[in-house]
Amino acid sequence: MSLAPVDRLFALRGRPPFDRVGLSELAAIAARMAERHYPAGTPLVLAGSPVDDLLVVVYGEALRADGRPAPAVLGLPGLLFGLRPDAAVVAGPAGATALA
């Protein structure tokens, strides 16, 4: 599955903090993000590791190592403040599609 540009835009628009961004800015962001597919159980974020990418899960789900749901937007604290994740996050049972 590959998302059309308009689908990327609306997928982002449904996720905070992107829900507060104007359409023209959001279109520019969506055009620059790469689509990534993760099979079930694939690590999205490793506990204690530096975060290099912003990931926005647009289909499927992200789960913490303990099975609780993780936020759809991953990596903001690491990219903005240099914080390392305190828990691993993996793609859920149906896998995950993310924009990065």
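This is a short tour of one structure, stop by stop, with what to select at each. Keep in mind from the start that the model is predicted.

Begin with strand β3, residues 55–64, and select strand β4, residues 73–74, along with it; the two pair in the antiparallel sense over two bridges, and within this pairing Val56 has Val73 in β4 as its bridge partner.

Turn next to the salt bridges, of which a search of the whole structure finds three. Select Arg8 and Glu35, whose side chains meet in a salt bridge at 3.5 Å, N to O. Because Arg8 lies in helix α1 and Glu35 in strand β1, the pair ties together parts that are 27 residues apart in sequence. Arg8 counts as buried at 14% relative accessibility, and Glu35 counts as buried at 16%.

Then select Arg36 and Asp53, where the salt bridge spans 3.3 Å, N to O; this pair links strand β1 with the loop between β2 and β3, 17 residues apart. Arg36 is partly exposed, with a relative accessible area of 29%, and Asp53 counts as partly exposed at 35%.

For another salt bridge, select Asp66 and Arg68, whose closest N and O atoms are 2.8 Å apart; Asp66 counts as exposed, whereas Arg68 counts as partly exposed.

Finish at Leu80, Phe81 and Leu83, which form a nonpolar surface patch with about 370 Å² of accessible area together. Leu80 is found in helix α3, residues 76–81, and counts as exposed at 58% relative accessibility.

Notes. Residues are numbered from 1 along each chain as its sequence is written. This is a predicted model: local features need pLDDT of at least 70, side-chain atom pairs count only at pLDDT 80 or more; totals for chains, interfaces and linings use all residues. Side-chain values use heavy atoms; hydrogens and water are left out. Patches are made of residues with over 30% relative accessible area and no salt bridge: like charges are joined within 9 Å, nonpolar side chains (Val, Leu, Ile, Met, Phe, Trp, Tyr) within 5 Å. Accessible areas come from the Shrake-Rupley method with a 1.4 Å probe; for residues, only the protein chains shown count as cover. A salt bridge is a side-chain nitrogen of Lys or Arg within 4 Å of a carboxyl oxygen of Asp or Glu. Helices (H or I, at least four residues) and strands (E, at least two) are DSSP runs, numbered from the N terminus. Buried means under 20% relative accessible area, exposed over 50%, partly exposed in between (1.4 Å probe, protein chains only). Two strands pair if DSSP finds at least two bridges between them.
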